[in-house]
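User: Please take a close look at a single part of this model. Walk me through it in one connected account, with the cut-offs stated.

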Amino acid sequence: MKNKSEIRKAYFLNKYVIITPSRSKRPRDIKEQTLIKRTGKCVFCPENIENDLVVKKFNGKRKGWEILVLKNKFPALTLDNKLAYGYQEVIIETPDHTKVLAEFPASHFVKLLKVYIDRTEKISKIKRMEYILIFKNEGSKAGASIVHDHSQVFSTDILPPDVYEELKLAKKYKLKNKTCPYCDIIKQEIKTERKIFEDKNVAVFAPYASEYHYEVWIFPKKHLDNITKLNESEIKSFAKALKLILSKLNEIGLSYNYFFHQVSSDNDQHFYLKIQPRDSIWAGVELGSGLVINSISPEQAAEFYRA
């Protein structure tokens, strides 16, 4: 496609993206800066942890903790509120305030994924819990309000409309084609220049209709419906893939969000991890029309990650 724009449809979803490589060269007279001004002590550093918020410590081979799970002190949803029912946790990924996740070895990613599995298993047993979202906001443009590296778990008894729509269209595709749409997408994408990495367990690629600069999806090759189904070998592959992607984003200093696409009440879905860097900001076209403009093609993004 080189410099010509191209409208792309997002696989089986009713979403469209305009890939516009030439717009990355357009003139700008605004330079963005991320200014971080600390307003008080870090509440995620070990010496400042409030003990009554501690849910579980993951120690590894060291004293203290390597990864810590806390109740969210300021939740949007709670289990005692019928009007906004749900449960939220914060997962502090390291006691070290100065390091970001990308700087840790793949072995630490393995430990973090096992914490995600532990919390998914535990929270899925809470009555009426329909949806469990594990996510991470890294950097101020991604919505992080505390610098100390952490992930979050958000669970509720309602299925968000966008998730419901994707599940509905996936089932429609499956009825028509007798195959899982995500399994088909994996088979298709690992043969294209959008492929970033694969091994026997995972496939990593930039999606055909990427909505964000340098967007990446990580899939288990096996048809698994949620993260708790990963075996030891698959966890290691997932950790290696996630480490690769976050290290590249860290090199260029991009904020990002990542989140697992999984629904606790659907055991026939194909779960995956979306990583969406926050380089550009959606403006009038995106907010007004729902059409997304992306000036970094997924083919360019994949080339960046493979380099």
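Y214 counts as buried because its relative accessibility is 16% (buried means under 20%, exposed over 50%, partly exposed in between; 1.4 Å probe, protein chains only). This is a predicted model, where local features need pLDDT of at least 70 and side-chain atom pairs 80 or more, while totals for chains, interfaces and linings use all residues. Residues count from 1 along each chain, and side-chain values use heavy atoms, without hydrogens or water.

Y214 sits in the loop between β9 and β10 (strands are DSSP E runs of at least two residues, helices H or I runs of at least four, numbered from the N terminus). Its phi is positive, about 65°, although Y214 is not a glycine. Y11 also has a positive phi, about 45°, and is not a glycine. Y11 belongs to the loop between β1 (6-9) and β2 (16-19). With a relative accessibility of 18%, Y11 counts as buried.

Now the sheet that holds β9 and β10. It is open, has 10 strands and pairs antiparallel (pairing takes at least two DSSP bridges). The order is β3-β4-β5-β7-β6-β11-β12-β10-β9-β8. Strands β3 (54-58) and β8 (195-198) form the edges, each pairing on one side only. Neighbouring strands are turned by 15° against each other on average, direction ignored (axes are lines fitted to C-alpha atoms, for helices over the stretch in contact; angles run from 0 to 180 degrees between N-to-C directions).

Strand β6 (residues 131-138) and strand β11 (residues 256-261) run antiparallel, joined by four bridges. Here K136 stands opposite Y258 of β11.

Two helices lie across this sheet's strands. Helix α3 (residues 181-189) lies across β8, β9 (202-205), β10 (216-220), β11 and β12 (272-277) (contact is heavy atoms within 4.5 Å). Helix α1 (residues 106-123) lies across β3, β4 (67-71), β5 (86-92), β6, β7 (150-156) and β11. Its angle to β5 is about 165°.

L70 and G284 are 214 residues apart in sequence and 38 Å apart in space, C-alpha to C-alpha. G284 lies in helix α5 and counts as exposed, because its relative accessibility is 58%. V285 is in helix α5 (residues 284-289) too. At a relative accessible area of 38%, V285 is partly exposed.
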